[in-house]
Amino acid sequence: MPMNGFAVFTLLLFVLIPGVPVDGQEAQSDTLPDSRILTITGVGDVMMGTAFPSGIYLPPGNDPKPLLKSVREYLEGSDLVFANLEGPFSDYNELAKRCKDTTRCYAFRVPEEYVSVFHDAGFNLVSLANNHIGDFGPEGRNRTIRLFDSLGIKYAGLLDYPYSIFCKDSVVYGFVAFSPNKGTLNITDIGFAESLVAMLDDTCDVVIVSFHGGAEGAEYQNITRETESFYGENRGNVYEFSHRVIDAGADIVFGHGPHVTRAIELYKNRIIAYSLGNFCTYRRFNLSGPNGFAPVLKVKTDLSGNFVEADIIPVYQDNMGHVKYDPQKRAIKKIIELVAEDFPDSGISISSDGNVKYKQ
């Protein structure tokens, strides 16, 4: 049964104890050279095609491999590769979302065989906290989780799977995700988010937080520092949320949900990406204007999560739905513009090629 916030909090008091084995390994990392640098790469929304309401929304030949072929090289060589999964991997589960007309309904059910292409592209860290993961009910979510478990993909964000702790190459990572949607950890309950992140920080070397929040579309690219609403839904104050989880111990914050690129910020030597946009969203997403390009953000940190530098790799989705490098570098240009508007004193500089460093 899904757990409420209090139940999750109580469980954490017993689970998040330093030294307890996690995923078959000790939760305390081995001694490592101080000079070692981690590369943690993040992208935004992923939905590689849906068999619902019709197979016309699947890639030609039911083959998703061409969608990511051109950008796999940009995901390689990372310690972790993160994405937000918009919709479950499921073949047979029934629609749970309420739709007046199922032939026009925006509900996503990605064929299960596509998960291997997703995994082979390098993705090993996934947020399930969003408005589409529950489109096909708990059965669809649970099928996705079983597939991820079989491939070693880590995930978080559901009330019954709130966080993930795992060890990779002797580094212990904690990952937790939030959204304003039913069945997920609530982005508006910032106090609970702080408690959860603080417990992860006590156990892990590096803590990664993801959120699905903020209003959607080209009119909402700037950070207001206020609570944002969209179609009457409270989508959270992503500025306050991000700062407070970093205060509580988060090292990287990856945002998504607005379906457009937003600014990045450096706060207390930790990086926040306020929206990573639409990365691979085959056919069912609006890709006009700023919705059609996005960053791949490659973040480098030390073993304690301190920011070292980052690289923004600009990508877009062509008219076949393939994700490709963007020679116009629109995501870089947009982030430079938005950082100047929203965080002029952020302390970072961004080159025309997308390298992010401390200002000299």
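This is a predicted model: local features need pLDDT of at least 70, side-chain atom pairs count only at pLDDT 80 or more; totals for chains, interfaces and linings use all residues.
Figure 1. Two packed helices are described by the angle between their axes and the distance between the axes. For H6 and H7 (residues 238-248), the axes come within 8 Å and cross at roughly 35 degrees. The crossing of H6 and H7 is right-handed.

**Figure 2. Now for helix H6 by itself, running over residues 190-203.** H6 has 14 residues, and going from its first C-alpha to its last covers 20 Å. That is close to the 20 Å expected at 1.5 Å a residue. Which residues of H6 are buried? They are Ile190, Phe192, Ala193, Leu196, Val197, Met199, Leu200 and Thr203.

**Figure 3. Ser179 sits in the loop between strand E6 (171-178) and H6.** Is Ser179 buried or exposed? With a relative accessible area of 0%, it falls under the 20% cut-off, so Ser179 counts as buried. A polar atom of the Ser179 side chain lies 3.1 Å from the backbone nitrogen of Asn181. Leaving out residues up to four places away in sequence, Ser179 touches Ala129, Asn130, Thr184, Leu185, Asn186, Ile187 and His212.

**Figure 4. This view takes in Asp318, in the loop between strand E15 (307-317) and strand E16 (323-325).** Asp318 has a relative accessible area of 14% and is buried. What lies 2.9 Å from a polar atom of the Asp318 side chain? Look for the backbone nitrogen of His322.

**Figure 5. His322 turns up again here, this time with Lys65.** The two are 257 residues apart in sequence, yet their C-alpha atoms are 9.3 Å apart in space. Lys65 lies in helix H2, which covers residues 65-69. Its relative accessible area is 52%, and Lys65 is exposed. The side chain of Lys65 also has a polar contact of 3.0 Å with the side chain of Asp63.

**Figure 6. A cis peptide bond joins Phe52 and Pro53.** Most residues other than glycine have a negative phi, and most peptide bonds are trans. For the bond between Phe52 and Pro53, omega is about 0 degrees. To find Pro53, look in the loop between strand E1 (38-47) and H2.

**Figure 7. Lys268 and Arg283 are shown for their backbone angles.** Lys268 has a phi near 50 degrees, a positive value in a residue other than glycine. You'll find Lys268 in the loop between strand E11 (264-267) and strand E12 (270-273). It is exposed, with a relative accessible area of 53%. Arg283 also has a positive phi, near 70 degrees. At 51% relative accessibility, Arg283 counts as exposed.

Figure 8. Which residues is Thr301 in contact with, leaving aside neighbours within four places in sequence? They are Arg36, Ile37, Leu38, Ile252, Asn306 and Val308. Arg270 is 31 residues from Thr301 in sequence, with 8.8 Å between their C-alpha atoms.

**Figure 9. To finish, step back to the whole protein chain, with its 8 helices and 18 strands.** Of the 360 residues in the chain, 57% are buried. Among contacts between residues at least 6 apart in sequence, 70% join residues at least 24 apart.

How values were computed:
Residues are numbered from 1 along each chain as its sequence is written. Side-chain values use heavy atoms; hydrogens and water are left out. Helices (H or I, at least four residues) and strands (E, at least two) are DSSP runs, numbered from the N terminus. Buried means under 20% relative accessible area, exposed over 50%, partly exposed in between (1.4 Å probe, protein chains only). A polar contact is a pair of N or O atoms within 3.5 Å; within protein, one must be able to donate a hydrogen and the other to accept it, and residues adjacent in sequence count only if both atoms are side-chain atoms. The expected span of a helix is 1.5 Å times one less than its number of residues. Axes are lines fitted to C-alpha atoms, for helices over the stretch in contact, and angles run from 0 to 180 degrees between N-to-C directions. A crossing is left-handed if the near helix is turned anticlockwise from the far one by less than a right angle, and right-handed if clockwise. Contact means heavy atoms within 4.5 Å.
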